[in-house]
Every structure is written in structure tokens, then in C-alpha cells.
Amino acid sequence: MSVESVYPLLEPLLPQIRKPVQYVGGEVNSTVKEWDETDVRWALFYPDAYEVGLPNQGIAILYEVLNEQPGVLAERTYSVWPDLERLMREQDIPQFTVDAHRPVGAFDLLGISFSTELGYTNLLTALDLAKIPLLSAERTDAHPVVVAGGHAAFNPEPIADFLDAVVLGDGEEAVLAITALVREWKRSGRPGGRDGLLLSLAATGAVYVPRFYDVRYLPDGRIERVEPNRPGVPGSVRKHTLLDLDAWPYPKAPVVPVAETVHERYSVEIFRGCTRGCRFCQAGMITRPVRERSITTVGKMVESGIAATGFAEVGLLSLSSADHSEINEIAVDLADCYEGSNVGLSLPSTRVDAFNVTLADELSRNGKRSGLTFAPEGGSERMRAVINKMVTEDDLIRTVTTAYSSGWRQVKLYFMCGLPTETDDDVLAIADLARHVIAAGRKATGRRDIRCTVSIGGFVPKPHTPFQWAAQCPPGVVDTRLRALGAALRADRAYGKAIGYRYHDGSPSLIEGLLSRGDRRVARVILAAWRDGARFDGWGEYFSFTRWTDAASRALAGEPVDLDWYTTRERDYGEVLPWDHLDSGLDRDWLWEDWQAAVAPDGAGEVEDCRWTPCYECGVCPAMGTEIQTGPTGERLDGRRMLPVLASGR
Amino acid sequence: MSKPAPRGAAPPPAVQHLLIRYAKRGKMRFASHLDVARAFERGVRRAGLPVAYSAGFTPHPKISYAGGAPTGVASEAEYLSLALTSRNEAGVVRERLNAALPDGIDVIAVTEDAGGLPASRLTASEWQVILPGLTPDSVAPVVRKFLALEHAPVERLTSKGLRRMDARSAVVTLDVHGLEDDSAGDDNAVGHGADHDAGTALRMVVRHTAPAVRPDDVLAALREVSDVIPTAPPLMTRLAQGSLGESGVVAL
């Protein structure tokens with residue numbers, strides 16, 4: 001049975017809403033397949049607006065991986081803004097895909113990529129508009145299987161009631177394995193119905209089906225245990241790790257938006273994973289080990305990606321791009337290859353390291369040197385030791401001196417506020433650091449028009465990190481420290497005008513904290529907040545703190561737990577954490593020891609990077625059967641030239 | 001410290017100037033001017049055309065656009081000029097661009113023309129407005145009354161605030177056609193997938209003014225005359241753009 005496009009119903013609404021082009025599809029490289037010629041159909045949902053969701057690498061990769069398969073169809077769907085949501089409800093138009101405007105409810109699977117917990121309420125809007133029951137338990141064989149993935153699904157417990165299945169880790173192979181099981185289930189007459197399919201997914205040990213696990217609580221509110229409630233379901237679920245990134249060179253030809261989006265570039269992941277060991281960083285913990293893409297594959301992807309998209313900018317993505325074993329060769333060779341071509345190259349530069357500046361110089365050979373970004377994260381040396389961000393003030397001053405001397409006018413510094421053990425002085429130390437940065441820049445260049453921007457946000461403890469046990473800093477304390485820092489920066493006569501200050505207030509972080517480390521009881525809070533109108537919680541103009549606190553007090557009334565219990569309470573070693581049955585490969589005892597090392601009274605202990613020092617036994621490789629995959633390969637791209645800085649070594 | 005300057009040789013000079021007429025059709029009528037410009041910049045790169053770039057730190061492709069049809073309004077007569085650093089056959093440029101652009105942003109004609117797109121070359125447009133469900137007989141008296149007016153002041157909220165304009169003085173001609181009427185539009189102009197089995201087409205020649213009077217402004221003025229004209233946004237299409245001649249718009 002074919003499925004009708006909702007476009008004829010949607011079209012008359014488009015002149016009445018903002019930026020209608022985001023809903024019309026038809027982009028270069030988008031794929032529309034015949035419905036009837038496919039037997040497994042995925043709707044891929046990014047739970048934010050098109051302008052944010054379109055550039056998302058996860059969706060772009062899976063869209064291509066799935067559509068390359070014969071008999072498989074994948075279309076994209078994004079959150080609709082409230083102006084269209086209102087009209088869709090009035091006119092009874094269901095959540096639709098932008099590719100062929102098919103109703104999401106007609107697909108076999110609805111795959112969702114969560115980058116942030118603040119997208120959870122947008123899941124509910126999409127399910128509701130799609131006429132899919134919000135609760136997994138209420139869905140029938142007629143509804144799509146709702147599968148979540150992405151970093152913010154590594155603790156899916158707060159949204160467990162709304163999901164049928166969850167995939168931890170890399171999605172490329174996982175979506176194909178799920179596709180094969182769904183195909184088999186459909187071909188053999190849907191044995192066991194919906195539960196039969198979910199059981200076959202759960203039995204692999206690689207797909208988490210929340211409904212097949214029961215959570216028991218202690219009288220004080222803590223979890224007693226989480227255990228499977230039927231045979232054939234494993235006690236814990238493993239994350240997926242893609243090995244050999246060269247065998248998976250996606251996205252090859254990502255969709256080129258007509259509408260304006262947040263990143264207008266062709267992005268290539270040059271490696272996945274990070275073992276720098278920053279204790280706050282969930283991404284670095286859950287994506288281990290490091291797996292590099294070779295310089296040759298990167299070169300080929302850039303070449304064909306630009307040809308396929310026409311993008312004028314290439315982004316070399318990873319969690320810490322300067323750490324690629326052949327980053328110098330990649331930067332120099334690509335810069336050579338594209339010299340004079342008006343193709344720009346960019347590297348998200350986050351490491352405080354003069355070498356990073358040299359790379360940025362190389363990549364911006366023809367361009368304007370406007371701004372460079374570094375992330376010291378902590379203002380004082382002591383704070384940076386606590387978070388294992390091993391950067392000294394001397395490193396930072398050397399780095400910014402190099403940057404200003406080679407023509408960069410603006411340096412942006414990222415920090416966090418509310419880190420474990422933080423005091424007012426640790427945050428005020430950021431002001432001193434910024435003053436020293438400007439002083440060094442003025443001295444190095446002899447100019448007064450150099451600038452530095454301090455950008456700071458509230459820290460949220462995340463699951464699967466050493467800080468998963470930490471008490472989140474109350475937003476009132478965060479806000480007081482941020483105000484004091486702002487005042488200190490503004491009060492400075494000699495440097496104040498050269499220092500910009502950007503901060504986010506602490507209250508959204510508290511809700512992010514609730515959603516990050518919550519358990520299944522938090523689902524009630526999410527549902528209540530959504531019913532009260534929560535949408536697009538990642539957007540300041542839509543987020544309402546009181547809506548969330550009201551929802552939390554109502555939904556948790558009568559429970560021994562509340563918003564503070566989930567956020568500002570420190571956990572101890574023995575407490576069962578809501579995500580303990582979800583295996584990211586990290587050894588729980590290793591995480592605990594690292595947490596203890598962070599807050600050791602006589603100063604924090606340091607953990608090195610296992611790429612260059614012996615394995616420190618985080619547990620991932622043996623648990624997951626994986627290995628570090630790094631170069632150098634010794635290969636070069638055409639148009640080679642060595643960077644002089646390398647002669648002096650890194 | 002020396003002032004940073006772009007490295008490398010100056011960009012190659014333009015040797016060929018092309019004038020491109022293109023359409024904004026179907027779903028792509030919802031693209032804004034900026035959306036269309038981005039699509040062309042990517043399109044010329046995907047097409048592998050040797051587009052000329054400006055010099056300086058942030059080189060821009062030498063493409064200039066005439067004032068585009070508003071977001072949501074279709075067009076068969078949008079113009080841009082494109083400078084290339086090597087000579088290319090116009091037909092080949094058209095083919096390669098059409099293969100590289102999203103469907104609905106369609107190149108209609110490519111001609112060699114170094115005249116650029118000064119306002120003096122594009123002084124008027126012919127627009128078509130489809131009013132489904134209305135008979136020509138019901139619309140004709142409204143149009144007659146409008147044409148008899150000396151002034152028809154209308155207001156429109158723009159991103160720059162509330163703009164006032166005289167919709168009547170900008171209108172050169174305004175005709176009413178039945179939709180079955182052959183003259184009411186070629187396939188391209190009407191082919192938007194909507195069902196137009198009964199209705200009226202307005203054809204109007206409107207002078208380019210500042211602030212611009214758009215077909216929806218004329219419609220707003222018609223609505224002032226009579227509430228026969230519906231408030232729902234109709235399908236609007238620019239059919240031609242050029243200079244104002246004796247018998248209407250002389251296409252560029």
C-alpha cells in the first residue's frame with residue numbers, strides 16, 4: 001500500500017509561517033525512493049529545527065548508509081517550529097518527512113539522534129503530531145518502532161517510557177543490523193508481533209529495549225536494581241564501536257540545504273573518539289578508543305564531498321582535531337591542493353597548543369585571520385588539574401602570543417563554571433587569565449586592537465564520566481560567580497575594553513542536569529513540562545525554568561525524590577546509577593578512582609593520554625574488543641610541502 | 001608587525017559575462033533571495049564553472065542578482081549576471097547549471113551580455129495572480145473600480161518596519177482572465193501542482209518603484225475595494241521582467 005504525500009495539505013500553510021523553505025525538501029542530494037519498491041523504511045528524526053538538524057553528521061551518515069541499501073528507504077524529519085505546529089494541529093496534518101512529505105507514522109522505524117537532552121520534549125511533539133502513542137507500552141504493530149541513538153541517549157532512562165529501543169554508540173553498523181532483523185520479521189509474517197521484534201532486537205545484546213527491564217527503588221528513592229523482566233534479554237547492553245573508519249567514508253554526498261543552516265560546510269570526521277581524559281567530557285569517555293581516518297581517505301572524501309555539494313568550506317571534525325597523528329600532513333596537503341580555489345578549510349581548534357595555531361595559519365593561508373578558539377575550561381591551575389585539562393597558564397600565554405603574532409586579532413576562550421570543588425576564586429582567576437592574554441597580545445604585536453572573548457557556561461555532570469557522581473552546582477551559585485566575573489572584567493580599566501564576556505545563566509543547566517542523570521521517574525516531569533508547553537528547550541527564547549520546576553514538583557509529588565535530589569546531590573560508590581546496566585565499556589571502578597583522584601584533598605591526580613603513554617586501563621578496549629587505531633600511515637596527498645614548525649617537533 | 005595581506009597571486013580576471021534568466025518554481029518558490037543566492041554559489045561550484053572571484057581576504061564569486069521575487073512568489077523571469085574566467089558556450093553553461101541546481105531553481109536562458117543588471121534595465125514586471133474559485137465576472141468589477149482610483153495607499157510590514165506605498169500608481173495594466181483562457185498563462189506559470197480547474201487569473205504590469213509594489217500589495221488594494229478578493233495568499237508568479245514598452249514588459 002502506498003502512502004500519500006501530505007504536501008498538498010501543507011502547501012497552503014507555507015505562506016503563513018516563518019522560513020517555509022525548510023519544510024519543502026527538494027534539496028540537492030536528497031533521496032526519494034518509491035515506497036512500494038522498498039520493504040524496510042526509516043524516518044530519521046533530528047529533534048530540533050531543520051537549521052540545526054540538517055548539518056548533523058549522525059543523521060547525514062545514516063541517511064546515506066541506509067539509502068545505499070536496495071529495498072531500504074530513509075527520509076528525514078525535523079522538529080517543526082511552534083507556528084507550523086499550531087497550523088498542523090488545526091488542519092490535522094501529521095508529522096511528515098521533508099523528502100517525500102510522507103507521514104512519519106507510516107514508516108517501519110522512527111530513528112532519533114539525540115545530541116542534547118534538551119531535545120527530549122521535541123520528541124514528544126513529533127510523536128504526538130505523528131499520532132504515535134507517546135508511551136511505548138501503548139503502541140501496536142501499526143506504529144513505527146521508535147529507536148533512539150546519539151550521545152544524549154547514553155542514559156535514555158528519563159525517556160525510556162517513550163522509546164521502544166535504544167542504540168548506544170556508533171550507528172552505521174547498528175542500523176543495518178536492525179534493518180536486517182526488521183526485514184526478516186516482516187518477511188516471516190511478524191512473528192510475536194511488536195514484542196517479538198523487540199525481543200529479537202534485545203536478544204542481540206546490542207539494542208536496549210527499556211520495556212524489558214524493571215527498575216526497583218529503595219524506600220529512600222535510590223535505585224535498588226535494574227533487571228530484565230523476561231528470558232532472552234541480557235542483563236546489560238553494549239555500545240557499538242565502528243572499527244576501520246576508512247571502510248565507512250560517510251557522508252559522501254550530504255544534503256545541501258536551500259534554507260540557511262548553522263553550519264554551511266562539508267564536514268569530514270578525521271577521527272572518532274578521544275582519550276585526552278578530560279573528566280567532564282562525556283563525548284571523550286563514551287567514544288573510546290581513538291580511531292583515525294587515514295590521510296588518503298580524508299583527502300578523497302574532501303575532494304568528492306566538495307564536488308558533490310558545492311560547499312565552499314570544509315570542516316575537519318573530531319573531538320580534538322590537532323591530535324590526529326598526521327594532522328600536519330593533512331593540513332598542509334589540503335591547503336596545497338585547494339590553494340587559490342576559494343575552498344576554505346577549518347579545524348575546530350580547542351586544544352591550547354601553539355601547534356594548533358600553526359595549523360590554523362596553514363588552513364587560513366588565503367583567508368582572513370579573524371578569530372581562534374581555545375578551551376582552557378578552568379580558570380585556575382588547580383581547577384584545570386581537577387578536570388584533567390592539563391594546560392598551564394604558560395601554555396596558554398605561549399599559544400595566544402603565537403596566535404596574535406601571526407595575525408589573528410581575536411582569541412576566544414571557553415570556560416565552565418560550577419565544576420566540582422570550584423570556589424569563587426577559581427572563577428575570578430579567569431579574569432586574571434584574560435588580562436594576561438591581552439597583555440601578552442599587546443606586547444607581541446605592539447597593537448591595541450587585539451581582543452579576547454571569555455565565553456562561559458554552567459557545568460552539567462554527565463553519565464559515563466568520572467563526574468557522574470558529582471553534585472551539580474546550584475544555579476544561584478553559578479549565577480553569582482558569573483556576575484562577579486563579569487564585574488571583575490568590566491572594572492578593569494587597562495584591559496576591560498579589550499575583553500568580551502559571554503555567559504549563559506545557570507538555570508537551563510539545572511534542567512539539563514535533571515535530564516542527564518535522571519531515572520525513569522523523570523519521564524513524568526518531561527511529560528508534564530511538555531503538556532505545559534515545553535518545546536525547543538535548547539533555545540533561550542522558548543526555555544522556561546519555572547515551567548520545568550513547576551512540572552517537577554507536580555510530577556514528583558509523593559516521591560522521596562525531587563529536582564535537587566537528581567541534580568545537586570552527590571552520589572556515593574554504592575549507589576546504583578540509572579545507567580549502570582548500559583555498558584559504555586568504561587570500567588566503573590576506573591571511573592570512581594578517577595573521580596577520587598580529581599577531588600583528592602592534596603591535589604588532583606593526572607591521567608595521561610593512552611595514545612602516547614601506556615594503557616591506564618579505562619576498560620573500554622578489552623570490554624568492547626576494540627583497539628586504538630592511529631597512524632602515521634606515511635602517505636601524502638598531491639601537492640606536498642612540509643610545515644617548517646615540524647622540524648622543531650611537537 | 002606587518003598588516004596581514006592575502007597571499008598568492010591576484011585572482012584570474014573575468015573574460016566572459018553572462019546574463020542568466022532563471023525560474024523559481026513549485027516548492028522552490030518558498031526560497032528567499034538569500035537562499036537562491038546560496039544555491040547559485042554552490043551550483044556554479046558543483047557545475048565546475050570557472051566563476052570569477054573578487055580579490056581580498058574574503059573573495060566572493062562574481063555573481064550579481066537583480067531584485068528577486070518575494071519569498072513564496074514563483075517566477076519565470078529572475079535575472080542574475082555571472083562572470084567567468086574562461087569562455088564557455090552559453091548552452092553548456094545552462095545545461096551544467098541545471099544539472100547542479102535543485103529542481104525548481106531552473107535556468108531558462110543564458111546569453112552573453114556584459115551590461116550587468118542596473119536598475120535602468122529592469123523597470124517593470126508582469127505578474128500573474130491565480131484566484132481559485134472566483135469567476136472572472138465577479139473579479140472584473142473590482143478591478144475596474146481599482147483602475148478608476150487615483151491613489152490606492154496600502155501598508156506592508158517589512159523587516160525594516162511598516163512601509164506605505166501607492167499600489168495604484170505603480171500599476172500600468174491589470175487584466176482579468178478566466179483560467180481556461182489560453183492567454184492566462186503558459187504551463188510553466190501555472191504548473192504548481194494545485195488544482196485550478198475553476199478560477200480567475202489576474203495579469204498585471206507593475207512598475208518597479210521604491211519601496212517596491214508587489215502583486216500582494218495590489219491584491220491588498222483590491223481587497224480594500226471589495227471583500228470579494230480572498231485573504232488567503234494566492235499563487236503568484238512573475239511572468240516577465242524588463243523595461244516598459246508600448247505593449248507591456250519588454251523582457252531583458
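The model is predicted, so local features need pLDDT of at least 70 and side-chain atom pairs count only at pLDDT 80 or more, while totals for chains, interfaces and linings use all residues. Residues are numbered from 1 along each chain as its sequence is written, with chains lettered from A and ligands numbered from 1 in the order in which they are written.

**View 1. The two domains of chain A.** Here we look at domain 1 (7-238) and domain 2 (245-521 + 559-624) of chain A, with bounds that come from an automatic or database domain assignment. Taken over C-alpha atoms, the centres of domain 1 and domain 2 of chain A are separated by 29 Å. Between them, 43 residues of domain 1 of chain A are in contact with 44 residues of domain 2 of chain A (contact: C-beta atoms, placed from the backbone, lie within 7 Å). On the domain 1 side, at least two residues each come from α2 (50-53), α3 (57-67), β6 (213-217), β7 (223-228) and β8 (237-238) of chain A; helices (H or I, at least four residues) and strands (E, at least two) are DSSP runs, numbered from the N terminus. The biggest giver on this side is α3(A), with 5 residues. By class, this side of domain 1 of chain A holds 21 nonpolar, 9 polar and 13 charged residues (nonpolar: Ala, Val, Leu, Ile, Met, Phe, Trp, Tyr, Cys and Pro; charged: Asp, Glu, Lys and Arg; polar: the others, Gly among them).

**View 2. Where chain B meets chain A.** In this view, 28 residues of chain B are in contact with 31 residues of chain A. Helix α1 (residues 33-46) of chain B brings the largest share of the chain B side, 7 residues. That side of chain B is made up of 15 nonpolar, 6 polar and 7 charged residues.

**View 3. The two domains of chain B.** Chain B splits into domain 1 (16-117) and domain 2 (120-251), and their C-alpha centres lie 26 Å apart. Contacts link 16 residues of domain 1 of chain B with 16 residues of domain 2 of chain B. Strand β3 (residues 74-84) of chain B gives the most to the domain 1 side, with 5 residues. This side of domain 1 of chain B has 9 nonpolar, 5 polar and 2 charged residues.

View 4. Follow the order β14-β15-β16-β17 (chain A) through an open sheet of 4 strands with parallel pairing; two strands pair if DSSP finds at least two bridges between them. At the edges are β14 (371-377) and β17 (499-503) of chain A, each pairing on one side only. Neighbouring strands of this sheet are turned by 20° against each other on average, direction ignored. Strands β15 (residues 410-417) and β16 (residues 451-458) of chain A run parallel and are joined by 8 bridges; A:F415 has A:I456 in β16(A) as its bridge partner. Helix α14 (residues 424-445) of chain A lies across β15, β16 and β17 of chain A, at about 160° to β16(A) (axes are lines fitted to C-alpha atoms, for helices over the stretch in contact, and angles run from 0 to 180 degrees between N-to-C directions).

**View 5. Strand β9 of chain B and its partners.** Of the 9 residues in strand β9 (residues 199-207) of chain B, 8 are buried (buried: 20 or more other C-beta atoms within 10 Å of the residue's own, with C-beta atoms placed from the backbone). Strand β5 (residues 124-132) of chain B pairs with β9(B) in the antiparallel sense over 9 bridges, and B:A124 has B:R207 as its bridge partner. Strand β8 (residues 171-178) of chain B also pairs with β9(B) in the antiparallel sense, over 7 bridges, where B:V176 stands opposite B:L202.

How values were computed
Two residues are in contact if their C-beta atoms, placed from the backbone, lie within 7 Å. A residue is buried if 20 or more other C-beta atoms lie within 10 Å of its own, exposed if 12 or fewer, and partly exposed in between; C-beta atoms are placed from the backbone.
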